[in-house]
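Student: I would like to go through this model and ask what stands behind each label. Please set each value against its cut-off.

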Amino acid sequence: MTLEEFSAGEQKTESDPDNVVLCLLAADEDDDRDVALQIHFTLIQAFCCENDINILRVSNPGRLAELLLLETDAGPEASEGAEQPPDLHCVLVTNPHSSQWKDPALSQLICFCRESRYMDQWVPVINLPER
């Protein structure tokens, strides 16, 4: 399983897009007021629904970065020359062997998304608390 970032308007995938099994849309409360981002999310959700890609909304993109080991707890002196943090508003999760569910955590997440759709919650939300 690999994670691939899908930033605003530019797809950064090097593998077959048919292997995308999950789309994580991450936004915090401030992002909810960003009209352009909400339009972007709407278009991505429409694409995912049309192509049978599971969608999951996640609160707290900073915590998501920590969980994905993309953000360190470095002090302010380390951030002066550091690169811009990755844009995690949309993350595509791929499974190179989509017919074989080898990752039990991914399988459980896909089942959660499917069960949420059965309960008419098309885009389930997971709130990631701060540490």
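Student: Why is Arg63 called buried?

Tutor: This is a predicted model, and in it Arg63 has a relative accessible area of 15%. Buried means under 20%, so Arg63 is buried.

Student: What makes the pair Arg63 and Glu66 a salt bridge?

Tutor: The closest N and O atoms of Arg63 and Glu66 are 3.1 Å apart. The cut-off is 4 Å, so the pair counts as a salt bridge. The two residues lie three apart in helix 2 (residues 61-67), which means that about one helical turn separates them.

Student: Which class does Glu66 fall into?

Tutor: Glu66 has a relative accessible area of 21%. Buried requires under 20% and exposed over 50%, so Glu66 is partly exposed.

Student: How many salt bridges does a search of the whole structure find?

Tutor: Three. Another of them joins Arg33 to Asp30, with the closest N and O atoms 2.6 Å apart. Arg33 has 62% relative accessibility and Asp30 has 53%. Exposed means over 50%, so Arg33 counts as exposed, and so does Asp30.

Student: What about Asp32 and Arg57?

Tutor: Their side chains meet in a salt bridge at 3.6 Å, N to O. This pair links distant parts of the chain: Asp32 is in the loop between strand 3 and helix 1, Arg57 is in strand 4, and they are 25 residues apart. Asp32, at 45%, is partly exposed, whereas Arg57, at 17%, is buried.

Student: Why is strand 3 described as largely enclosed by the rest of the structure?

Tutor: Strand 3 covers residues 20-26, and seven of the seven are buried, so the strand is largely enclosed.

Student: Which strands pair with strand 3, and in which sense?

Tutor: Strand 5 (residues 90-94) runs antiparallel to strand 3, with five bridges joining them. Within that pairing, Leu25 has Cys90 as its bridge partner. Strand 4 (residues 54-58) pairs with strand 3 in the parallel sense, also over five bridges. There, Leu22 stands opposite Asn54. At least two bridges are needed for a pair, so strand 3 pairs with strand 5 and with strand 4.

Student: What makes up the β-α-β unit, and what is its hand?

Tutor: Strand 3, helix 1 (residues 35-50) and strand 4 form the unit, which is right-handed.

Student: What does the protein contain overall?

Tutor: The protein has three helices and six strands, in the order β-β-β-α-β-α-β-α-β along the sequence. Of its 131 residues, 34% are buried. The accessible surface comes to about 8800 Å², with 52% belonging to carbon and sulfur atoms.

Key
Residues are numbered from 1 along each chain as its sequence is written. This is a predicted model: local features need pLDDT of at least 70, side-chain atom pairs count only at pLDDT 80 or more; totals for chains, interfaces and linings use all residues. Side-chain values use heavy atoms; hydrogens and water are left out. Buried means under 20% relative accessible area, exposed over 50%, partly exposed in between (1.4 Å probe, protein chains only). Helices (H or I, at least four residues) and strands (E, at least two) are DSSP runs, numbered from the N terminus. A crossover is right-handed if, with the strands pointing away from the viewer, the path from the first strand over the helix to the second runs clockwise. Accessible areas come from the Shrake-Rupley method with a 1.4 Å probe; for residues, only the protein chains shown count as cover.
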